[in-house]
Amino acid sequence: MKPDPLEPLAAYARAIMGGAGAERIIGREERSERWREADCEVTLRQRDYRFDNGVVIRRGIEVDDYPSEQACSECWITYEVMALGESPGIEPMSKSFDNACREAYWLRYHSDLLI
C-alpha cells in the first residue's frame with residue numbers, strides 16, 4: 001500500500017493569510033516581544049495556528065524600525081510545523097523569507113494547492 005502523500009506547507013500558509021482553507025483554522029495563539037538592537041527597535045510577532053486536523057503551524061515575523069526606501073523592505077518571516085496532528089506529513093517542515101514580496105511570490109506560485 002502506497003503511503004499518503006505529504007501535504008504542502010504553502011497550502012497551510014495560504015490559509016493563514018486568509019485564502020483557501022482559512023475556515024479550517026480553529027484557534028490562534030499570539031506572542032510578541034521587542035528589543036533594541038544597535039540603533040533600531042526590533043519586534044518579533046509569533047502566532048500559532050491550530051487547524052481542524054490537529055496541525056499546528058507557527059508564523060513568525062521579525063521587523064525593525066530602521067528606515068528603508070526599498071519597495072519591499074527587509075523583514076524575516078518564518079513558517080514552522082509545530083505539530084502534525086492527523087496529517088501524513090508536511091513538506092517542507094519550515095520555510096523562511098527575508099521580505100514579504102518573496103513570501104507573496106511563494107504563495108502565488110503554490111496557489112493551486114489545497115489542504
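A residue is called buried when its relative accessible area is under 20%, exposed when that area is over 50%, and partly exposed in between. The model discussed here is predicted. Asn 99, which has a relative accessible area of 11%, is therefore buried, and its place is in strand β7, which covers residues 94-99. Leaving aside neighbours within four places in sequence, Asn 99 is in contact with Cys 72, Ser 73, Glu 74, Cys 75 and Ile 77. A polar atom of the Asn 99 side chain also lies 2.8 Å from the backbone nitrogen of Arg 102.

In soluble globular proteins, nonpolar side chains tend to be buried together. The largest nonpolar core of this model has 20 residues, and those that touch the most other members are Leu 9, Ile 16, Phe 51, Ile 57, Tyr 79, Ile 90 and Trp 106. At least two residues of this core come from each of α1 (9-16), β3 (40-51), β4 (56-64), β5 (74-83) and α2 (100-109), and α1 gives the most, with six residues. Beyond its neighbours within four places in sequence, Leu 9 has contacts that include Ile 57, Tyr 79, Ile 90 and Trp 106.

Five aromatic pairs are counted in the structure. One of them is formed by Tyr 79 and Phe 97, which are arranged edge-to-face, with 6.4 Å from centre to centre and 85° between the planes. This pair links distant parts of the chain, since Tyr 79 is in strand β5 and Phe 97 is in strand β7, 18 residues apart. Both Tyr 79 and Phe 97 are buried, and together with Trp 106 they form one aromatic cluster.

The structure holds eight salt bridges, and the table gives three of them.

| Salt bridge | N to O distance |
|---|---|
| Asp 48 and Arg 31 | 3.2 Å |
| Asp 48 and Arg 58 | 2.7 Å |
| Asp 98 and Arg 102 | 2.8 Å |

Arg 31, by contrast, counts as partly exposed at 29% relative accessibility. Glu 29, Arg 31, Asp 48 and Arg 58 are linked in a network of salt bridges. Asp 98 counts as partly exposed, at 34% relative accessibility.

Terms used:
Residues are numbered from 1 along each chain as its sequence is written. This is a predicted model: local features need pLDDT of at least 70, side-chain atom pairs count only at pLDDT 80 or more; totals for chains, interfaces and linings use all residues. Side-chain values use heavy atoms; hydrogens and water are left out. A nonpolar core is a set of buried Ala, Val, Leu, Ile, Met, Phe, Trp, Tyr and Cys residues joined through side-chain atoms within 4.5 Å. Buried means under 20% relative accessible area, exposed over 50%, partly exposed in between (1.4 Å probe, protein chains only). Helices (H or I, at least four residues) and strands (E, at least two) are DSSP runs, numbered from the N terminus. Contact means heavy atoms within 4.5 Å. A polar contact is a pair of N or O atoms within 3.5 Å; within protein, one must be able to donate a hydrogen and the other to accept it, and residues adjacent in sequence count only if both atoms are side-chain atoms. Rings of Phe, Tyr and Trp (its six-membered ring) pair if their centres lie within 6.5 Å; planes under 30 degrees apart count as stacked, over 60 as edge-to-face and the rest as tilted. A salt bridge is a side-chain nitrogen of Lys or Arg within 4 Å of a carboxyl oxygen of Asp or Glu.
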